[in-house]
Amino acid sequence: FVTAIDHVGIAVPDLDAAIAFHREHFGLEVAHEEVNEEQGVREAMLRAPGTAGTETQIQLLAPLREDSAIGKFLAKSGPGLQQLAYRVSDVDAAAAALRAQGLRLLYEEAKRGTSNSRVNFVHPKDAGGVLVELVEPARDGAH
Ligand code: V0V
């Protein structure tokens, strides 16, 4: 049910500084930026130039609060890779299938992710130490 590697998420202390770093050193461009209050993040999606629509994105995640998932991750592990996100066509079906296989999903119901996507997560302890996000893009095709 995984249709693509949607994005890889990096926890950063300062979003603007991280965007500038990736632009300056790797030539990545900002495809999208938003604040997600529920997740406690200010975030940006980056892509390589000329790849719009086909790209795997890099998601930079900066905390809005110390007690948010990213705030806690930074305090414990410091800046770095925080999540791997698989794109799925139906996040509820994907979550149900994984639950039936004995994996712990973090949310009972999918929550709102970037660009009105719907997301859920597999617990990192059940996925080889990797926080795996399942992301169902919004129907308008934005991701
Ligand atoms: C924690 N652990 C991780 C981890 N976070 N391992 C790998 N990758 C991570 N990102 C380890 C941690 O070191 C512990 O291992 C163990 O898991 C349990 O951690 P904990 O300290 O008890 O739990 P917390 O409070 O740190 O929470 C961890 C979880 C939390 C994964 C439950 O971060 C969470 O709810 N994440 C889902 C939401 C999220 O990440 N939102 C921000 C992105 P030891 O020490 O016991 O061995 S928002 C987003 O992605 C959006 C909007 C989007 O993509 O659209």
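This is a predicted model: local features need pLDDT of at least 70, side-chain atom pairs count only at pLDDT 80 or more; totals for chains, interfaces and linings use all residues.
**Entry 1: Arg47**

I then looked up where Arg47 belongs, and its place is in strand β3, residues 41-47.

Next I turned to the ligand and found it in the largest pocket. Which elements give two or more residues to the shell around it? I noted β4 (57-63), α2 (69-77) and β5 (80-88). I also noted that α2 gives the most, with 5 residues.

**Entry 2: who comes nearest**

I have 23 residues around the ligand, and Gln39, Lys76, Gln83, Thr114 and Lys125 come nearest. By type, I sorted the shell into 9 nonpolar, 9 polar and 5 charged residues.

**Entry 3: polar atoms facing the ligand**

For Gln39, I have an N or O atom of the side chain 2.8 Å from a nitrogen atom of the ligand. Gln82 uses its backbone instead: I found one of its backbone N or O atoms 2.9 Å from a ligand nitrogen atom. For Gln83, I noted a polar side-chain atom 2.8 Å from an oxygen atom of the ligand. Last, I looked up the cover: on its own the ligand has 1000 Å² of accessible area, and the protein covers 71% of that.

Key. Residues are numbered from 1 along each chain as its sequence is written. Side-chain values use heavy atoms; hydrogens and water are left out. A residue is near a molecule or strand if one of its heavy atoms lies within 4 Å of it. A polar contact is a pair of N or O atoms within 3.5 Å; within protein, one must be able to donate a hydrogen and the other to accept it, and residues adjacent in sequence count only if both atoms are side-chain atoms. Accessible areas come from the Shrake-Rupley method with a 1.4 Å probe; for residues, only the protein chains shown count as cover. On a 1 Å grid over the protein atoms alone, a cavity is a set of points where a 1.4 Å probe fits but cannot get out, and a pocket is an open set with protein on both sides within 12 Å along at least five of seven lines; lining residues have an atom within 4 Å of a point. A molecule sits in a cavity or pocket if more than half of its atoms lie within 2 Å of its grid points. Helices (H or I, at least four residues) and strands (E, at least two) are DSSP runs, numbered from the N terminus. Ala, Val, Leu, Ile, Met, Phe, Trp, Tyr, Cys and Pro count as nonpolar, Asp, Glu, Lys and Arg as charged, and the others, Gly among them, as polar.
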